[in-house]
Amino acid sequence: MSPTCYLQGCTSSFNMATKSELKLGQKLSEGKTKQIIELADEPGQVLVQSKDQITAGNAVRKDQMEGKAAIANRTTSCVFKLLQEAGIKTAFVRQHSETAFVASRCEMIPIEWVCRRVATGSFLKRNPGVKEGYRFSPLKMEMFFKDDANNDPQWSEEQLLEKKFCLAGLTIGRCEVDIMNHTTVAIFEILERAWATQNCTLVDMKIEFGVNVSSKEIVLADVIDNDSWRLWPAGDRSQQKDKQVYRDLKEVTPEAMQVVKNNFEWVSERVKLLLEPQASGRVVVLMGSISDLAHCEKIRKACGTYGIPCVLRVNSAHKGPDETLRIKAEYEGDGVATVFVAVAGRSNGLGPVLSGNTAYPVINCPPVTPDWGAQDVWSSLRMPSGLACSTVLSPDAAAQFAAQIFGLGDHLLWSKLRASMLNTWVSLKQADQKLQACSL
């Protein structure tokens, strides 16, 4: 069927006006569960169209499952939105319809990266003696070359490096392999923490990367849906909700397929909840003098990058200790999780007074000056016993520290921190690669 006919045939099933807005070009590829179609009016972008087909064992078993395309598309779109909002680079652009999304066009790297937290499935067959349920800490990484004819053989990093794939002008070498390895771990940890909020264990998962044909960057591509992972509610395999239920069927019956579909729908509904923050909090910055405002504004701006509300107040613990404690009580009394940041130069009384009178975290962030900074900082560093306020000198670091505290109870905030760690590592790796290239 031509792409144009395919589009027309889908319009009624989509029942969405936006479908007609796209002008489709040629079909670029077709797999077991999706089609990739060029977008004639959006250069560098494609339509990823899901199918109502479910397969197992490299399509040795395959069946139609009505509604699977919509379920898979909802799941993938939510997962990619979660990862993008965290800061992971992906090919996902936007959800287009019930069964399709728009993505950046990529040349796919023919490797499945598999990340495991719990030993099960094929790992046990390849590693006799390891009991099911063995927990990998750190995560176990494996890669498989996409070759259906040979059942996707497992590859080593050395095999991948020796292959020297060149995709969209980018040669896959040591730097690129390391980036994909680290990115896979970060993606797993972000989704693992997200699913934990629903009391679900992310057992393992597979992902694929592509090279964006426009930016020449390696990005997370393909899809992440209920075919991509093992998911055990309450850590109990008997409650598994992923495609393994279909793989394990002794006989494919309408009743059995309905159970599989119910599981997929359960996941697609739960995955939407992963986009909801679990907790809210704020940073309250107390400055000892209005002359410290510029320093405090930097803290507020940095808090904004994490989506953390930040309130600025002025008070001196030396000159008005009663007012300091009143302000402290004001923010303790409404039940909102709060981190106090004390900004005081010369002799820092704010941090110690706050820390000695609240159970909330207190961070000292003194505005160190060139003249007396080396002496003044000791009033923030050397605390009486029983006080636990930390000290950081950078406004950005103070906001990051507060974010790390809130991230313990907010998986979305934690995800931003985790993705930021990854992106910093990738930037350094790429900078080193460029430096080496210039030195040759």
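This is a predicted model: local features need pLDDT of at least 70, side-chain atom pairs count only at pLDDT 80 or more; totals for chains, interfaces and linings use all residues.
The protein contains 14 helices and 21 strands. Its C-alpha atoms fill a box of roughly 80 × 60 × 55 Å along the principal axes. Of the 440 residues, 49% are buried. The accessible surface comes to about 21000 Å². Carbon and sulfur atoms account for 52% of that surface. Contacts that reach across the sequence were also counted. Among contacts between residues at least 6 apart, 64% join residues at least 24 apart.

The largest nonpolar core has 63 residues. Within this core, I172 and W229 touch the most other members. Helix α5 supplies the largest share of the core, with twelve residues. A second, separate core holds 24 residues, including V285, I308, V339 and F406. The surroundings of I172 can be listed. Leaving aside residues up to four places away in sequence, I172 touches I109, K164, F165, L167, V177, M180, V211 and I218.

Helix α5 was then considered on its own. The helix has 23 residues, so at 1.5 Å a residue it should span 33 Å. Most of α5 is covered: 18 of its 23 residues are buried. A196 belongs to this helix. A196 is partly exposed, because its relative accessibility of 49% lies between the 20% and 50% limits.

Helix α14 covers residues 411-439, which makes 29 residues. From first C-alpha to last, α14 reaches 42 Å, close to the 42 Å expected at 1.5 Å a residue. D410 caps the N-terminal end of α14. A side-chain oxygen of D410 lies 3.0 Å from the backbone nitrogen of L412. Which residues of α14 are buried? They are H411, L412, L413, S415, L417, R418, A419, L422 and V426. An α-helix has 3.6 residues a turn, so residues three or four places apart point the same way. Several elements cover the buried residues of α14, among them α2 (68-86), α5 (174-196) and α13 (395-407). A196 and A419 are 223 residues apart in sequence, and their C-alpha atoms are 18 Å apart in space.

A search of the whole structure finds eleven aromatic pairs. In one of them, the rings of W155 and F165 have their centres 6.4 Å apart. Their planes meet at 15 degrees. The pair counts as stacked because this angle is under 30 degrees. The two partners are ten residues apart and link distant parts of the chain. W155 sits in strand β11 (residues 154-155). F165 sits in the loop between α4 (157-163) and β12 (166-167). Elsewhere, F80, F92 and F101 form one aromatic cluster.

Key:
Residues are numbered from 1 along each chain as its sequence is written. Side-chain values use heavy atoms; hydrogens and water are left out. Helices (H or I, at least four residues) and strands (E, at least two) are DSSP runs, numbered from the N terminus. The expected span of a helix is 1.5 Å times one less than its number of residues. Buried means under 20% relative accessible area, exposed over 50%, partly exposed in between (1.4 Å probe, protein chains only). Contact means heavy atoms within 4.5 Å. A polar contact is a pair of N or O atoms within 3.5 Å; within protein, one must be able to donate a hydrogen and the other to accept it, and residues adjacent in sequence count only if both atoms are side-chain atoms. A nonpolar core is a set of buried Ala, Val, Leu, Ile, Met, Phe, Trp, Tyr and Cys residues joined through side-chain atoms within 4.5 Å. Accessible areas come from the Shrake-Rupley method with a 1.4 Å probe; for residues, only the protein chains shown count as cover. Rings of Phe, Tyr and Trp (its six-membered ring) pair if their centres lie within 6.5 Å; planes under 30 degrees apart count as stacked, over 60 as edge-to-face and the rest as tilted.
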